[in-house]
Amino acid sequence: MVDISTSLLGVRLRNPTVLASGILGVTASSLKRVAEAGAGAVTMKSIGPERREGHPTPVVVEVTSGLLNAVGLSCPSPDESLEELRKAVKEIKAPVIASFYGRTVKEFGEVAERISEAKPAFIEANISCPNMESEYGKPFGTDPEVTGKITEKVKNKTRIPLIVKLTPNVLDIASIAKAAESAGADIISAINSYGPGMAINIETAKPILSNKFGGMSGSAIKPLAVRCVYEIYEAVNIPIIGVGGIQTGRDAVEMMMAGATAVGVGTAVMNRDLKVFSEICGELEGFMEEWGYSKIDELRGKAHD
Amino acid sequence: MGAPDIVRILKVKDETPTVKTFTLDKKMAAKPGQFAMLWIPGVGEKPFSFSSLKDKAEFTIREVGAFTKKMFTLKKGDLIGIRGPFGDGCFRIEGKKVCVAAGGVGIAPLRPIIDELLKGGRELTVIQGASTVDELMWIDELKKKKLDLLIATDDGTCGSRGSVCDVLHNLLDKGEIDQIYTCGPEPMMKVIADLSLEKKIPCQISLDRYMKCGNGICGQCCVDPSGKRVCKEGPVFTAEELKDSEFGRYRRDASGSRCDI
């Protein structure tokens, strides 16, 4: 028998699949359902400093081998978000990750402090949303110095282990990961969606997304995500959650061989629905049995020299 | 998920002073109760149930907000985007003595199931409720079919004065209805659902929630406490499935905040 359980900083995950942020994470009951469908851990949609409706629809459009989205960081008020998060932590057996964002370094600290009251297993700083340029300036995660400042600010405000989620839209993602690690990040999550990208409807000559541009996710970005995780693994000593285009157990193996301890699953829900979590686990076990692996740790970083 | 297909509007028909039917140049293999996302470039994208599946896709829409206001300016020959059909949870053909209870424009998603139910030679009663006589729809069409039509209006200008719920209540007291289908304002559907549970008569409900992706990944339309997605496991649920849920109590807006119903 193979053992696909894993551990993130001592927190046990019964399997390495993690529901990625922004997918099915609006409500506690939805997250609970995903956990019951087999996810090893679940991430609640990013909580921000104030209520936001996000961008007008359309906010998603399917493209070849992937999805463009510009949901626009919608979230209820902090009070209501906190209530939903408390419910999720209370009712869900799997570890709950609370994603969050701020508009300033200070706000990242404030929101982190607030959501920590709900005692999620981890908090995840979303410093990498690609859809917020006009209002929020370039994603914080494109600058190592700002990444470090946010990490430090958050670490001073909470004892809950901190995941820093990175954007791939940088020249040197390893240096950003290192900056986060040096400032005290406990885990790196990589990557957020690519781009932004764009899809134009040619009959009407109009951009499809109301925001015009949207982050690219899905199979198309998997090789890019695998490369990012590989580079980050070489640069840091903290665990990595590898996210980006994982659809199958084989994809999960590849991501772990690049260096991931756990793997995020998001857009694959579009293609394989909620059963994607248990199916990925089954495929992962099948691969491990066939190739003589007994523990998930044996896969981690195996592609490195 | 897909991307919107761009199609021409073949016909726009005024149904009532506030409701129009749009026929699109698109054939879709949809089932009764399913919906599609309609996109007006530069305005938005919203979910609408099919009101006819006979030939071309048809949507019967009431003007309620910015999107439908713009929709009402569209004419024959204009272009619109469509993706779908969505909703694995469609109306299921059940029962022998069946009642379809519609409130307002809620008759629209029920229209395709009425034809399906009649195919099996069932005894069918349709209750249509509206605020006033001018807001009733498809009365002539329904009268031609082999069914009992009961009408209720808030102001008593046609049929009995009062609600669909009252008419249904009377019908259940004397009849042998063994299946209920309903769509309309949520408070009405909640009363009907409770009534059906009390009388132990199965009831199928077409539920409306704020949707973003329309295809099961964003999580915006999930129902508490089951977490079921209106766009995927719905939009049709049984009264049993919605028992002790948010149904009839609250829903969520674009931000995810709860709003009372």
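This is a predicted model: local features need pLDDT of at least 70, side-chain atom pairs count only at pLDDT 80 or more; totals for chains, interfaces and linings use all residues.

Trainee: Then why is the pair Lys157(A) and Glu113(A) called a salt bridge?

Mentor: The N to O distance between their side chains is 4.0 Å, and the rule asks for within 4 Å, so the pair qualifies. This pair links distant parts of the chain, with Lys157(A) in helix α5 (residues 144-157) of chain A and Glu113(A) in helix α3 of chain A, 44 residues apart.

Trainee: What makes Lys157(A) partly exposed?

Mentor: Its relative accessible area is 35%. Buried means under 20% and exposed over 50%, so a value in between is called partly exposed. Glu113(A), at 40%, gets that label too.

Trainee: What does the salt bridge between Arg86(A) and Glu117(A) tie together?

Mentor: The closest N and O atoms of that pair are 3.5 Å apart. Arg86(A) sits in helix α2 (residues 78-91) of chain A and Glu117(A) in the loop between α3 (105-116) and β8 (122-126), so the bridge joins parts that are 31 residues apart in sequence. Arg86(A) is partly exposed at 40%, and Glu117(A) is partly exposed at 39%.

Trainee: Are Arg83(B) and Glu45(B) buried or exposed?

Mentor: Both are buried. Their side chains meet in a salt bridge at 2.7 Å, N to O. Arg83(B) belongs to strand β6 of chain B and Glu45(B) to strand β4 of chain B, so the pair ties together parts 38 residues apart in sequence. Over all chains, the whole structure has 43 salt bridges.

Trainee: How do you know that Glu135(B) counts as buried?

Mentor: Its relative accessibility is 9%, and buried means under 20%, so the label follows. Glu135(B) is found in the loop between β8 (123-130) and α3 (139-144) of chain B.

Trainee: Now the two chains. How many salt bridges are there between chain B and chain A?

Mentor: There are 5. One of the salt bridges in the model joins Lys87(A) to Asp224(B), with the closest N and O atoms 3.8 Å apart.

Trainee: How much area do chain B and chain A bury between them?

Mentor: About 2900 Å², with 56% of it on carbon and sulfur atoms. In chain B, Lys212(B), Ile217(B) and Ser255(B) lose the most area to chain A, together 21% of what that side buries.

Trainee: One last thing: why do β3 and β16 of chain A count as paired strands?

Mentor: Pairing takes at least two bridges, and strand β3 (residues 17-19) and β16(A) have 3, in the parallel sense. Strand β15 (residues 240-243) also pairs with β16(A) over 3 bridges, in the parallel sense.

Key
Residues are numbered from 1 along each chain as its sequence is written. Chains are lettered from A and ligands numbered from 1 in the order in which they are written. Side-chain values use heavy atoms; hydrogens and water are left out. Helices (H or I, at least four residues) and strands (E, at least two) are DSSP runs, numbered from the N terminus. Buried area is the accessible area (1.4 Å probe) that two parts lose on being put together, summed over both. Buried means under 20% relative accessible area, exposed over 50%, partly exposed in between (1.4 Å probe, protein chains only).
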